[in-house]
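Open the model in your viewer and keep the selection panel handy.

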Amino acid sequence: MLSRQVRTVSSRAAASRISCAVAPPALRTYAQAAPAQDAKPPVALYGLDGTYASALYTAAVKTSALETTSKSLAALADVFKKDTKLPVILTAPTLTPGDKSQIIQELQRHMGGQDKGDTVKNFLKTLADNNRLGILQGVCEKFTTLMGAARGEIDLTITSASKLDPKTLQRLETAVSKSEYSQGKKLKVIPKVNPEIKGGLVVEIGDRTIDLSVSSKISKMNKLLTDTL
């Protein structure tokens, strides 16, 4: 797994203190590079990962590398799904410049040569220089949201306590697509599992959330009892 490779690389780099050879541009450079309205992200995102994802989108549009950048980040997102220890490695405060340089090389290898213009490579260097590699997973997720919006899609996130079967997901997608919440757009279903909701569903579409979880009902009942007593 990549996390194991990163740990090995980290120990080697710590001994040799190899520093990054090329200094990446600051995040501000990405944001200021947008020369036209077309480069503006299709939706506003929040949080630090949303800020960086928006900056990367702008840079990718400017360099005509939007599709290749999207494929590269999709490949990185798959790495995070397969290697749950990777986020912990990326947030380690002991990472040296040499460690980060080697990590970027490993991440590039997993992109499979899809980053033709080095847009993602330069972006990873920016994250590393700003000690933000730990938000890479969030950036991948937020960039998917931007790409969906650019294609006229809207995310439909369905969270359940246990994995839902394809037929159930299809029925939920059909039901939501016929409602006013879909806004007539193509839905992109994103299933998630969170045992903490105990049962039921939490449905998120766009900026709307429909909480039908058991944990939510228990919370409401507890509040009612507390207010009554």
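Start with α6 and α7, which are roughly antiparallel to each other (an angle over 145 degrees). This is a predicted model: local features need pLDDT of at least 70, side-chain atom pairs count only at pLDDT 80 or more, and totals for chains, interfaces and linings use all residues. Residues are numbered from 1 along each chain as its sequence is written, and side-chain values use heavy atoms, without hydrogens and water.

Select residues 97-111 for helix α6 and 119-129 for helix α7. Helices here are DSSP runs of H or I with at least four residues, strands are E runs of at least two, and both are numbered from the N terminus. The two helices pack at about 150 degrees, with axes 10 Å apart. Axes are lines fitted to C-alpha atoms, for helices over the stretch in contact, and angles run from 0 to 180 degrees between N-to-C directions.

Now show side chains. Lys100, Ile104, Leu107, Gln108 and Met111 in α6 meet Val120, Lys121, Leu124, Lys125 and Ala128 in α7 (contact: heavy atoms within 4.5 Å).

Move to the sheet. Its four strands run in the order β2-β1-β3-β4, open and with mixed pairing (a pair needs at least two DSSP bridges). Color β2 (186-193) and β4 (208-213): each is an edge strand with a single partner, so one side of each has no neighbour in the sheet.

Next, select β3, residues 200-205. Six bridges join β3 to β4, and the two run antiparallel. Find Leu201: it stands opposite Leu212 in β4.

Finish on helix α9, residues 166-177. Helix α9 lies across β1 (153-160), β2 and β3, at about 135 degrees to β2.

Note on methods:
Angles under 35 degrees count as roughly parallel, over 145 as roughly antiparallel, 65 to 115 as roughly perpendicular and the rest as oblique.
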